[in-house]
Amino acid sequence: MATDSVTDVFEENRPVLTGVAYRMLGRVADAEDVVQDAWLRWSAEERTDVLEPRGYLVRITTRLAIDRLRHVQSRREAYVGPWLPEPIATDFGHTVPDAAERAVLVDSVSLAVLVVLEALSPLERAVFVLREAFGFPYGEIATTLDRSEAAVRQLAGRARRHVEERKPRYDVDPAECRDLTERFLAAASGGDLEELLSLLAPDVRLVGDSGGKSKAPLRVLESADKVGRFLCAVAQQPIQEMELRFVELNGSPALLVLSAGKPDSVFQLEVLDGRIQCVYVVRNPDKLTSLASV
């Protein structure tokens, strides 16, 4: 295979490889490292017997992601405060015209689902991502993981049950999410606690991820009163040269707050029946660097 062809084949499959690695690891930098390692192996190996490059590359990427996930899981045990996946910019609304396919992709990359996937074993997570997000056949997943098809089906069933039992229900209507996000911003920035409470579900949760590197709650806040009062207090704190942007992150509308041109925090809402069920706040600067150009 000529050098140009080797590069072209890899670049053609890069979006899928990155999608698999990100859903496995929940961090852009880790996903990019895995994809780069996959490229090094792909470019260095003998490929004369590779009949299905896409399957071969997914196999390499998945195995590398499993190895890295086992390593980073030990790091996360020492993480300061709640851990959330790194927000990633998406554009499913424009790049994926099929509504059903778009819904699957949005669900598989949402912060809520990625948080649930953290509780799966690396093998269960790999099977879930390959099967549910990308629709790979069980036989192909079995080859990728060097397991029997029966074992893969068992892993898939276990993973699916776990996700369905723990995944919170939420609406995915972008227009409704955008409207609630704008009203949420107006109420919080205006210090209007009464209006904010009207938007929050009684048992709303706020999950803040700072990694101990910026200000955010070190525990999950629960109840409309606690979350509302916290948000009103935070909104009154000055931010240098503050800029607000509405962006699509992980398949849903989100609020990106910049300070002096640099990402400061991300707010994303989980919405159901017209009320905010959960507020995700990412303030760990290491998880915001990829949003500088959004």
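Which residue just after H10 takes a positive phi? Gly 191 does, at about 65°. We'll come back to H10.

First, the ground rules. This is a predicted model, where local features need pLDDT of at least 70, side-chain atom pairs count only at pLDDT 80 or more, and totals for chains, interfaces and linings use all residues. Residues are numbered from 1 along each chain as its sequence is written, and side-chain values use heavy atoms, with hydrogens and water left out.

Helices (H or I, at least four residues) and strands (E, at least two) are DSSP runs, numbered from the N terminus.

Now H10 itself. The helix covers residues 174-189. How far apart should its ends be, at 1.5 Å a residue? The expected span is 1.5 Å times one less than the number of residues. For the 16 residues of H10 that gives 22 Å, and the end C-alpha atoms are 22 Å apart, so the two agree.

Look at the N-terminal end. Asp 173 caps it. A side-chain oxygen of Asp 173 lies 3.1 Å from the backbone nitrogen of Ala 175.

Next, burial. Buried means under 20% relative accessible area, exposed over 50%, partly exposed in between (1.4 Å probe, protein chains only). In H10 the buried residues are Cys 177, Leu 180, Thr 181, Phe 184, Leu 185, Ala 187 and Ala 188. They sit on the same side of H10, because they cover an arc of only 170° around the axis. That arc is taken from the directions from the helix axis to the C-beta atoms. An α-helix has 3.6 residues a turn, so residues three or four places apart point the same way.

What do they pack against? Among the partners are helix H11 (193-199), helix H12 (224-235) and strand S3 (242-249). Contact here means heavy atoms within 4.5 Å.

One more residue of interest is Arg 178. Its charged end sits over the ring of Phe 246, 4.2 Å from the centre. The rule: NZ of Lys or CZ of Arg within 6 Å of the ring centre and within 35 degrees of the ring normal. Arg 131 lies over the face of Tyr 138, also at 4.2 Å from the ring centre.

Last stop, helix H3. Thr 61 is found there. Is Thr 61 buried or exposed? Thr 61 counts as buried, because its relative accessibility is 1%. Leaving aside neighbours within four places in sequence, Thr 61 is in contact with Leu 17, Ala 21, Val 34 and Ala 38.

Conventions:
A polar contact is a pair of N or O atoms within 3.5 Å; within protein, one must be able to donate a hydrogen and the other to accept it, and residues adjacent in sequence count only if both atoms are side-chain atoms.
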